[in-house]
Structure formats: C-alpha cells, structure tokens
Amino acid sequence: LKGKIITVVGSGLIGRSWAMVFLSGGYMVKIYDNKPGQASGAITEISRKQIEELQQANMLRGNLTAAEQLSLLSSHDDLQQALEGAFFVQECVFEDLEAKQTVFHEVENLVTESVILSSSTSCLMPSNMFSRVQNRTRCIISHPVNPPYYVRLVELVPHPETLPAVMDVAYSLMTDVGQAPVRLRKEIDGFALNRVQYAIIAESWRLVQDGVISVKDIDLVMSEGLGMRYAFIGPIETMHLNAPEGMVDYLQRYSQGMKRVLNTFGPVPDFSGEPAARIIKEICELIPAEQEHLTARRERRDQLLMGLAKLKE
Ligand code: NAD
C-alpha cells in the first residue's frame with residue numbers, strides 16, 4: 001500500500017489528524033475542503049505540528065523525517081483533483097447525515113469502482129450514511145478516537161453490504177500506519193467505544209446526581225483506578241486475571257455480586273434540569289469553562305497521552 005494516495009475530505013480537527021497519521025505511514029495525502037482556504041490552512045497547521053512540536057518532542061511517528069512527510073502532502077479546493085489517483089477516501093466533514101450522504105454521492109461519481117469510501121463518523125450508522133452510494137460493497141466506517149495521533153484505536157464498522165476484502169484492506173492500512181484497528185462484525189448504534197463510554201458516563205452521572213460522590217472524586221475513580229489498568233488490559237482480561245484460576249473462577253466468585261449491583265443501576269439519566277445544573281456548576285468550579293482553561297487542560301491531556309503512547313510502545 002506504501003506510496004499510494006489517500007484523499008481526506010474535510011480538513012477540520014479529525015481530517016488534519018488523519019492526514020498526519022497517513023503521512024507518518026508514507027502515504028501521499030491529498031486534503032480537500034469545501035470551505036475556500038481551509039485545506040491550505042490545514043497544511044500550515046500540520047507543518048507547524050509536525051516540524052516544531054512533534055519533531056522537538058521526539059514524537060514524530062513513522063520512519064520518515066518531518067520534511068519527507070510534508071513533501072507527501074497537498075491541499076486542493078477542487079474535489080475531482082483531490083480524488084485523482086486515490087485508492088482510499090477518508091471523509092471527515094461535519095457530523096451531519098445529509099452533508100455526509102451528499103459528499104459520498106459526489107465522491108462516488110468521481111472515482112472508480114475499486115476505491116474504498118471510508119467515513120470518520122462518531123455516531124451515524126453505515127446503512128443511513130451510505131444510502132446514496134450505488135456500490136455500497138466498498139463502504140466502511142473507520143471511526144478514530146480523539147486525538148488519533150496518540151490514541152490509536154480505530155473502529156471499523158461495515159455496511160451490511162461491505163465486502164470482507166474491503167474490511168481487510170482498511171484493517172491492513174490502519175495497521176500499516178500504526179493505528180490499532182478493531183472490527184465490528186455488524187453495525188450497531190454507538191459502535192463499541194461509545195456504548196461502553198456512555199455506560200460509564202451514565203453510572204458516573206447517576207452517582208453524582210444521587211449525592212453519592214463528588215464530580216472530582218468520580219473522575220478520580222476513573223483516572224486513578226480503572227483507567228490505570230484500562231490503558232493496557234480490557235475489562236474481559238481484567239476479569240480473567242482477577243481470580244486465581246481465571247475467568248471460570250472469577251464468574252463463580254463474583255457473578256452473583258455483579259448481578260446484584262447491576263440490578264441497582266438507575267434509568268438512563270436525563271442530563272438536564274436541576275441535576276445537570278449542579279454537575280455543571282461543580283465541574284466548572286474545578287475547570288472554568290473559559291477557553292484559556294479548557295485549552296490548558298486539553299494541552300495537558302495531549303501531553304499526558306503522548307507520554308502514555310510512548311510507554312505503550
Ligand atoms: P470539524 O468541524 O473540525 O471539521 C469539519 C470540516 O469539514 C470543516 O473544515 C468543514 O469546512 C469541512 N466540510 C464541511 N462540509 C464539507 C463538504 N461538503 N466537503 C468538504 N469539506 C466539508 O469536525 P471534526 O471534529 O473534524 O469532525 C469530523 C468528523 O469526525 C465528524 O463526523 C465527527 O463525528 C468525526 N469524529 C470526531 C471526533 C472528535 O473528537 N472531534 C472523534 C472521532 C470522530
């Protein structure tokens with residue numbers, strides 16, 4: 001796949017991140033955005049990040065230098081030109097079903113049958129998103145996690161008609177550029193990551209809402225507790241390791257207790273009204289919602305993730 005062309009459609013936060021990931025793997029990347037000047041602006045931003053920040057931090061991914069990676073990158077204000085020669089299209093436009101349907105319809109008319117059409121969507125279903133594409137056997141969702149340069153998971157989600165060979169190409173591409181792909185065998189609302197994430201959010205919210213624990217402390221339960229191991233082993237392996245004789249033993253010891261506790265979980269929170277106001281107030285006392293504070297915390301997050309990514313290597 002090396003040296004091949006990938007077109008990134010939409011050059012916002014995620015489009016730029018994908019471009020950097022693909023460049024690190026030695027792919028030629030053509031960025032397109034329908035907002036004039038946006039794609040070339042993205043190149044300036046990527047250059048700054050690649051050359052200054054990543055090279056300095058010794059965190060530039062792949063075997064190529066920053067200059068070599070940047071020589072593979074181009075920006076385009078014309079979609080047809082951007083798609084020329086591409087074998088893979090990664091769509092990264094706004095999370096809007098109609099916008100995405102239109103983009104895929106336009107793209108399909110400009111590429112040959114064999115080109116893979118991939119979407120970054122976080123929560124739209126493949127069967128809806130690709131409904132205006134004629135040949136849906138080459139359509140797939142490659143859902144990244146923000147920021148993809150440090151958090152390597154990519155959820156691959158097929159349309160019901162997607163060919164296994166298309167899943168395989170996407171899987172190889174993601175592995176080749178150093179991401180960590182997982183395959184969903186069929187589409188489901190929220191995919192896997194957000195379903196697990198929402199389960200965690202819901203119970204955290206209920207515990208704070210019901211006055212059991214503070215916002216600060218529930219976040220510590222995650223960052224100082226569960227999160228410590230979850231960066232390296234998942235929930236199922238955790239079960240397997242947490243009883244002397246493994247999973248069978250774990251289930252004998254703990255399944256009754258798990259079911260008892262799970263049965264006390266409350267309904268889906270409403271995330272509004274008085275409880276939401278209280279939780280908003282509490283988090284904003286810890287981290288004010290002004291841009292300077294949010295930006296500082298995001299930078300801290302990315303810095304720490306960078307260290308963690310290094311450790312995981
Ligand atoms: P963004 O708002 O930062 O960027 C969207 C870009 O798409 C803009 O530059 C816009 O000009 C461009 N655009 C809009 N319509 C277009 C069109 N018709 N043709 C070409 N370009 C167009 O959004 P983002 O955060 O980068 O999100 C992009 C996608 O990635 C969404 O589907 C989102 O759900 C998904 N995603 C986002 C995150 C995240 O944390 N931000 C994580 C995973 C997946």
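**View 1. Helix H1 passes helix H2 in a right-handed crossing.** A crossing is right-handed if the near helix is turned clockwise from the far one by less than a right angle, and left-handed if anticlockwise. This is a predicted model, in which local features need pLDDT of at least 70 and side-chain atom pairs count only at pLDDT 80 or more, while totals for chains, interfaces and linings use all residues. Residues are numbered from 1 along each chain as its sequence is written. Helices (H or I, at least four residues) and strands (E, at least two) are DSSP runs, numbered from the N terminus. H1 covers residues 13-24 and H2 residues 38-56; they pack at an angle of about 55°, with axes 10 Å apart. That angle makes H1 oblique to H2. Here, under 35 degrees is roughly parallel, over 145 roughly antiparallel, 65 to 115 roughly perpendicular and the rest oblique. Axes are lines fitted to C-alpha atoms, for helices over the stretch in contact, and angles run from 0 to 180 degrees between N-to-C directions.

**View 2. Here are the residues where H1 and H2 meet.** From H1 come Gly 15, Arg 16, Ala 19 and Met 20, and from H2 come Ala 42, Glu 45, Ile 46, Lys 49 and Gln 50. Two residues are in contact if their C-beta atoms, placed from the backbone, lie within 7 Å. By class, this contact has 4 nonpolar, 2 polar and 3 charged residues. Ala, Val, Leu, Ile, Met, Phe, Trp, Tyr, Cys and Pro count as nonpolar, Asp, Glu, Lys and Arg as charged, and the others, Gly among them, as polar.

**View 3. Now look at the 23 residues around the ligand.** Gly 10, Gly 12, Ile 14, Ser 122 and Asn 146 come nearest; a residue is near a molecule or strand if its C-beta atom, placed from the backbone, lies within 6 Å of it. H1, helix H5 (97-110) and strand E6 (139-144) each supply at least two residues of this shell, and H1 gives the most, with 3 residues. The shell divides into 9 nonpolar, 11 polar and 3 charged residues.

**View 4. A cis peptide bond joins Asn 146 and Pro 147.** Its omega is about -10°. You can find Pro 147 in the loop between E6 and strand E7 (153-158).

**View 5. Asn 58 has a positive phi, near 60°, in a residue other than glycine.** Asn 58 sits in the loop between H2 and helix H3 (66-70).
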